[in-house]
Number of protein chains: 2
Amino acid sequence: MELTILGCYSATPRPKTHPTSQILSIKNHLFLIDCGEGTQVQLRRYKVKFSRIKHVFISHLHGDHYFGLIGLISTFMLLGREAELNIYGPKGIKEVMLLQLKLGKAWFNYPLKFHELESKESEIIFEDDKVTVLTVPLKHRIYTNGFVFKEKIGERKIDIKAIKNHNVDISYLQKIKQGSDVENNEGKLILNKLITLNPEKPKSYAFCSDTQYYPACIPIIKNVTALYHESSFLDEHRHLCEKTRHSTARQAALIAKEATVERLILGHYSTRYSSIEEFKTEAKQVFDNVELAEDGKKFII
Amino acid sequence: MELTILGCYSATPRPKTHPTSQILSIKNHLFLIDCGEGTQVQLRRYKVKFSRIKHVFISHLHGDHYFGLIGLISTFMLLGREAELNIYGPKGIKEVMLLQLKLGKAWFNYPLKFHELESKESEIIFEDDKVTVLTVPLKHRIYTNGFVFKEKIGERKIDIKAIKNHNVDISYLQKIKQGSDVENNEGKLILNKLITLNPEKPKSYAFCSDTQYYPACIPIIKNVTALYHESSFLDEHRHLCEKTRHSTARQAALIAKEATVERLILGHYSTRYSSIEEFKTEAKQVFDNVELAEDGKKFII
């Protein structure tokens, strides 16, 4: 799993920082998470192939999280895209996208599917044989979801040496990976566990932005491999969190600790701070494994 | 009058080129003309003071001309703007802006006034004591207007030497500038033309993007000091103009010549061309005084 930060600053775009957008590469998918203004340029800058994006997840309808979406949808049209595009986001997103396309008399050359969200409970919004995506209801000024991206447990791994030792025919490989016991060349039943190894531990990534300190989300993000949690402010400005419904670096770390995640990635910094190093220092007082998102940075999860 | 090109490329934003947007400084106004995605960043990059923008003119509702507007409106809110903002653009622009503000539960801290356009005839859409702005109906795939920005004839200039020679009291200066004859200190009537000079010739700027070759606009832009005319393609690709309703550099020059403008500025280049120099060469075969718009370039008019 690989996470590329396209933008991780709050509020308005500036020449050197970008609003929220991320690309998650997971099991052959490229998921786009949020899409602030200028995301299409950031995708070009980091050489993300447009045609590989088939699913876009929008947390909430504040501009710094979705004003770049209509431009991306339009560019896909101009480029002659044919592949389906799925957009998961709060109710209302379909109306505003379609209105803009209608006003521009845009032609449709690819299927655009909207999956509008309005539940206040966590729900599965995407699933295939390798990945599950769930919403993480958050608490912000407007209806907002985070998302958890979970790999499913993979197939069992073949133990080549054991296969040979037990004289098992290799035409059974697919069945063996799926966990079946098989007969060997002498007609003897060989138990699966003798010829396979445990699959790799599935990984998971949780994206939680924007939200005030909200421990109710902990059961849904429990034990994830990596948690991105917003930290708009430092503790010295925690009074601003009440009004704006954002979190401090310390609060993000408290969530990470309570959810016993493996690592915490901070982001969505207010542009009032000239350096972001202090966010790490503050969070580390509560939770040790803290990293800072930065525009263009990649995280191998 | 000073024109700053914030973006002058067609289609989609790229790391190094920007979609259409311009700032026209005229008689103490800063007019924003079109507002493609990323315009607020370009305004920051070129250090344009946000609070001085009070009028935004949108030619048409294709994304590369207005997808940056909602971000700019939102940023103005975040920054606590109080001054009124006037937006002139095709019918529909109000609905789409207000829908996005509603979905984001944005608070209004400044008056936002929409002036929706739907006339197919040229009309005056802004006027004060120094400037007039008219629409220039154009021919594109959707309803589109260019704009002409005209200075009004200024006050007459005081001829200081003549004032002294004719023994005129300086308390009359304002009346004299406005063209009045006045009595001098000996009670003799002094004709205005004896103590003033002609005002400077008023300047004018016409913005024509996007449009196919459309000579019907010529009477409205006749004799302007500077004409910005789109040239999406070179003549070798003129077949594309028919489908997309754009112009070639040669066609832009034909309009400039027929309208006897003083200078022609080309822009809205298709991103298919690696160099824009050829646009100038082609246009100069028809009209001599041709310049190329480039992102960040300033033109003193």
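This is a predicted model: local features need pLDDT of at least 70, side-chain atom pairs count only at pLDDT 80 or more; totals for chains, interfaces and linings use all residues.
Residues are numbered from 1 along each chain as its sequence is written, and chains are lettered from A and ligands numbered from 1 in the order in which they are written.

Strand β9 of chain A spans residues 145-151; strands are DSSP runs (E, at least two residues), numbered from the N terminus. Seven of its seven residues are buried, so β9(A) is largely enclosed by the rest of the structure. A buried residue has 20 or more other C-beta atoms within 10 Å of its own, with C-beta atoms placed from the backbone. In a regular strand, side chains alternate between the two faces of the sheet. On one side of β9(A), Asn145(A), Phe147(A), Phe149(A) and Glu151(A) are buried, as are Gly146(A), Val148(A) and Lys150(A) on the other.

Strands count as paired when DSSP finds at least two bridges between them. β9(A) runs antiparallel to strand β8 (residues 131-137) of chain A, with seven bridges joining the two; Phe147(A) is the bridge partner of Thr135(A). Four bridges link β9(A) to strand β14 (residues 204-208) of chain A, also in the antiparallel sense, and here Phe149(A) stands opposite Tyr205(A).

Chain A superposes on chain B by a rotation of 180 degrees with 0.0 Å of shift along the axis (RMSD 0.0 Å), which is the relation of a two-fold axis. The superposition is by least squares on C-alpha atoms of residues with pLDDT of at least 70 in both copies. Within chain A, Gly38(A) comes closest to the rotation axis, at 3.0 Å (C-alpha).

Key:
A residue is buried if 20 or more other C-beta atoms lie within 10 Å of its own, exposed if 12 or fewer, and partly exposed in between; C-beta atoms are placed from the backbone.
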